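Have a look at the sequence and the structure below, and keep the viewer open while you read. We will walk through it together.

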Amino acid sequence: MSKLLELEYHIEDIEVVAKQILDHISSRTILFYGDMGAGKTTLIKSLVKLLGSDDDVSSPTFSIVNEYNIKDKSIYHFDLYRINDEEEALNFGFEDYLYTANWLFIEWPQNAQNLLPEDINTIEILHKSKNSRSLKLSQNIILTQKTRKKQ
């Protein structure tokens, strides 16, 4: 992975952080890593809003996927926490979402690691204190190397 952005922030600055992420990403597929309560869904709420959706954003822990509407596309927000294995992800049609032009925000992606596309960004969030977090945005370096070879 190649690091694109690294910062510490306070929860009240989440919209500024979301804007910085959108300014630095290279993919519409973003994987979110972080412990329970780290702020993954809170950040996704801000990203969805900045992308132009007025939909209510909530964690899809039990539904596994939520869809939010924007102009001519959709945002699919996955929470794979309850997925036990990749076969279970395949059974609910996870792969059908992966290779579209829509935005994909995936929490707990490690539960379907072998199904994920190469064209991704990852966000790692660490809980520093009650109101502060550390964030690292990266891009898949394998994809970057393939792109360079083609040029």
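What follows is a tour from the strands and cores to the aromatic rings and the charged pairs.

A word on the ground rules before we start. This is a predicted model, in which local features need pLDDT of at least 70 and side-chain atom pairs count only at pLDDT 80 or more, while totals for chains, interfaces and linings use all residues. Residues are numbered from 1 along each chain as its sequence is written, and side-chain values use heavy atoms, with hydrogens and water left out.

Let us begin with strand 4 (residues 74-79). Helices (H or I, at least four residues) and strands (E, at least two) are DSSP runs here, numbered from the N terminus. Six of the six residues of strand 4 are buried, where buried means under 20% relative accessible area, exposed over 50%, and partly exposed in between (1.4 Å probe, protein chains only). Ser74, Tyr76 and Phe78 point one way from the strand, Ile75, His77 and Asp79 point the other way, and all are buried.

Which strands does strand 4 pair with? Two strands count as paired if DSSP finds at least two bridges between them. Strand 3 (residues 65-69) runs antiparallel to strand 4 and is joined to it by five bridges, with valine 65 standing opposite phenylalanine 78. The hairpin that connects strand 3 to strand 4 passes through four residues. Strand 5 runs parallel to strand 4, again with five bridges, and here leucine 104 is the bridge partner of tyrosine 76.

Now turn to the nonpolar cores, each a set of buried Ala, Val, Leu, Ile, Met, Phe, Trp, Tyr and Cys residues joined through side-chain atoms within 4.5 Å. The largest core has 25 residues, and those with the most contacts inside it are Ile21, Phe32, Leu43, Phe105, Ile123 and Leu135. At least two residues of this core come from each of strand 1 (2-10), helix 1, strand 2, helix 2, strand 5, strand 6 (121-127) and strand 7 (132-139). A second, separate core holds 16 residues, including Leu80, Ile83, Leu116 and Ile120.

Contact means heavy atoms within 4.5 Å, and, leaving aside neighbours within four places in sequence, isoleucine 123 is in contact with Ile21, Ile30, Leu31, Phe32, Tyr33, Leu43, Leu135, Lys136 and Leu137. Leu43, one of these partners, is in helix 2, where Lys40, Thr41, Leu43, Ile44, Ser46, Leu47 and Val48 are buried. Glycine 52 follows helix 2 and has a positive phi, near 105 degrees.

The aromatic rings come next. Rings of Phe, Tyr and Trp (its six-membered ring) pair if their centres lie within 6.5 Å; planes under 30 degrees apart count as stacked, over 60 as edge-to-face and the rest as tilted. By this rule there are eight aromatic pairs. One of them joins phenylalanine 32 and phenylalanine 105 edge-to-face, at 5.8 Å centre to centre and 80 degrees between the planes. This pair links distant parts of the chain, 73 residues apart, with phenylalanine 32 in strand 2 (residues 29-33) and phenylalanine 105 in strand 5 (residues 103-107). Phenylalanine 32 is buried at 1% relative accessibility, and phenylalanine 105 is buried at 0%.

Phenylalanine 78 and tyrosine 97 have ring centres 5.0 Å apart and planes at 85 degrees, so this pair too is edge-to-face. Phenylalanine 78 lies in strand 4 and tyrosine 97 in helix 4 (residues 94-98), so the pair ties together parts that are 19 residues apart in sequence. Both rings belong to one aromatic cluster made of Tyr76, Phe78, Phe92, Phe94 and Tyr97.

Finally, look for charged pairs. A salt bridge is a side-chain nitrogen of Lys or Arg within 4 Å of a carboxyl oxygen of Asp or Glu, and the whole structure has four. Among them, glutamate 15 meets lysine 49 at 3.5 Å, N to O. Glutamate 15 lies in helix 1 (residues 14-24) and lysine 49 in helix 2 (residues 40-50), so the pair ties together parts that are 34 residues apart in sequence. Glutamate 15 is partly exposed at 45%, whereas lysine 49 is exposed at 53%.

Another salt bridge joins lysine 19 to aspartate 23, with the closest N and O atoms 2.9 Å apart. These two are four residues apart in helix 1, and therefore separated by about one helical turn.
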